[in-house]
Amino acid sequence: MTSDQPRTAGAPVTAGPPTTEPVLEIDGLNVDFRLDTTTVHAVRGVSLRLAQGETLAVVGESGSGKTATALSVLRLNPQPPCVYAGGRILFEGRDLLTVPDKELGRIRGSDIAMVFQDPMTSLDPLRRVGVQVAEVLRHHQGLSRAAARAAALEALDEVGVPDPERRFRQYPHELSGGLRQRVMIAGALVGRPRVLIADEPTTALDVTVQRQILDLLVSLQQRHGMAVLLITHDLGVVAETADRVAVMHQGRVVETGDVLDVFERPADDYTRRLLAATPRLELA
Ligand SMILES: Nc1ncnc2c1ncn2[C@@H]1O[C@H](COP(=O)(O)OP(=O)(O)OP(=O)(O)O)[C@@H](O)[C@H]1O
């Protein structure tokens, strides 16, 4: 048995453990938000393993703790009110919940990168987009200005930004939503991270652009062999992109397994309801 929760006690576990060592392992994570009059137990004993090169989707309704879990990996939940109340997040033998800030800063962006629903949360509106992509390399790899610029142009080209030379000099507001998302992905991936955490990366986009960005993420993942932790409430996105899925409900993981297994034979009641509420799923 892996540290992923079994699908349900007594039910046959059809999804085997990942064949390789996990690149990232969340083990018994508890996250609380301590507010004035109450404490929200947002994440309750969550355990997840992410293998090299796989895409693990975390699904569940709004408020189920998906984002709080994802943000915990890089300790990005606002403290206060957030308190990491238990568990470990292991990356290359280190517990990310306790490594010093400086070391976490090195890991963030170079080994583990994040993309969000709203690119404006990671892009500075007052600075040229190319410079923002290039500075990841200057900061993490100590590249010269010219080398970082060349690598950033290459990264913009790789994520499908047309005319990278021109776009490099533009500000975020001069780009469409889809292009901004591509630039954010370029900035996340330019340091060649081993793990990408994508939190609702396509939710704010219209359907056609959503499709393009998903295709881009899948192709980059395959090309670079990253592991992807994909947070989404959209089961269609899961069906199209993920190898495995973890279903969250009220802060807990209620079911984990291969996407096809879970979607075709859900073991948990909540998963069944979630699937029933989704009109039509096309399984790969
Ligand atoms: N900064 C915060 N301060 C107070 N409570 C918070 C904070 N962030 C999250 N929470 C609470 O923690 C719980 C889990 O929230 P979280 O954002 O992780 O859910 P989610 O599954 O990602 O939902 P959504 O899909 O809407 O983003 C919710 O009850 C939420 O209100």
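**A helix and its surroundings**

Guide: Let's begin at helix α7, whose buried residues are covered by elements including β3 (55-59), α6 (177-189), β7 (195-199), β8 (227-231) and α8 (235-241). Covering rests on contact, meaning C-beta atoms, placed from the backbone, within 7 Å of each other. The model is predicted, with local features needing pLDDT of at least 70, side-chain atom pairs counting only at pLDDT 80 or more, and totals for chains, interfaces and linings using all residues. Residues are numbered from 1 along each chain as its sequence is written.

Visitor: How do you know where helix α7 reaches from its first C-alpha to its last?

Guide: Helices (H or I, at least four residues) and strands (E, at least two) are DSSP runs, numbered from the N terminus. Helix α7 covers residues 207-224, which is 18 residues, and spans 26 Å, close to the 26 Å expected at 1.5 Å a residue. The expected span is 1.5 Å times one less than the number of residues.

Visitor: Which residues of α7 are buried?

Guide: Ile213, Leu214, Leu217 and Gln221 are the buried ones in α7. Seen down the axis of α7, they fall within an arc of 100°, so they line one face of the helix. The arc is that of the directions from the helix axis to the C-beta atoms. Buried means 20 or more other C-beta atoms within 10 Å of the residue's own, exposed means 12 or fewer, and partly exposed is in between, with C-beta atoms placed from the backbone. Thr208, Gln222 and Arg223, on the other side of α7, are exposed.

Visitor: What makes Arg192 count as partly exposed?

Guide: Arg192 has 15 C-beta neighbours inside 10 Å, so it counts as partly exposed. Arg192 sits in the loop between α6 and β7, and its phi is positive, about 55°, although it is not a glycine.

Visitor: And why does Glu200 count as partly exposed?

Guide: Glu200 has 19 C-beta neighbours inside 10 Å, and therefore it is partly exposed. Its loop is the one between β7 and α7, and its phi is also positive, near 45°. Most residues other than glycine have a negative phi, and most peptide bonds are trans.

Visitor: Which peptide bond is cis, with omega near -15°?

Guide: That is the bond from Gln79 to Pro80. A cis bond also joins Pro80 and Pro81, with omega about 10°. Pro80 lies in the loop between α1 and β4 (82-91), and Pro81 lies in the loop between α1 and β4 as well.

Visitor: How many residues surround the ligand?

Guide: There are 14, the closest being Ala42, Ser62, Lys66, Thr67 and Ala68. The largest share of the shell, three residues, comes from α1. The shell divides into six nonpolar, seven polar and one charged. Here Ala, Val, Leu, Ile, Met, Phe, Trp, Tyr, Cys and Pro count as nonpolar, Asp, Glu, Lys and Arg as charged, and the others, Gly among them, as polar.

Visitor: Which domains does the domain assignment of the chain give?

Guide: Domain 1 (1-111 + 193-284) and domain 2 (124-183), with bounds from an automatic or database assignment. Their C-alpha centres lie 28 Å apart. The contact takes nine residues from domain 1 and seven residues from domain 2. On the side of domain 1 that touches domain 2, six residues are nonpolar, three polar and none charged.

Definitions and conventions:
Contact = placed C-beta atoms within 7 Å. Near = placed C-beta within 6 Å.
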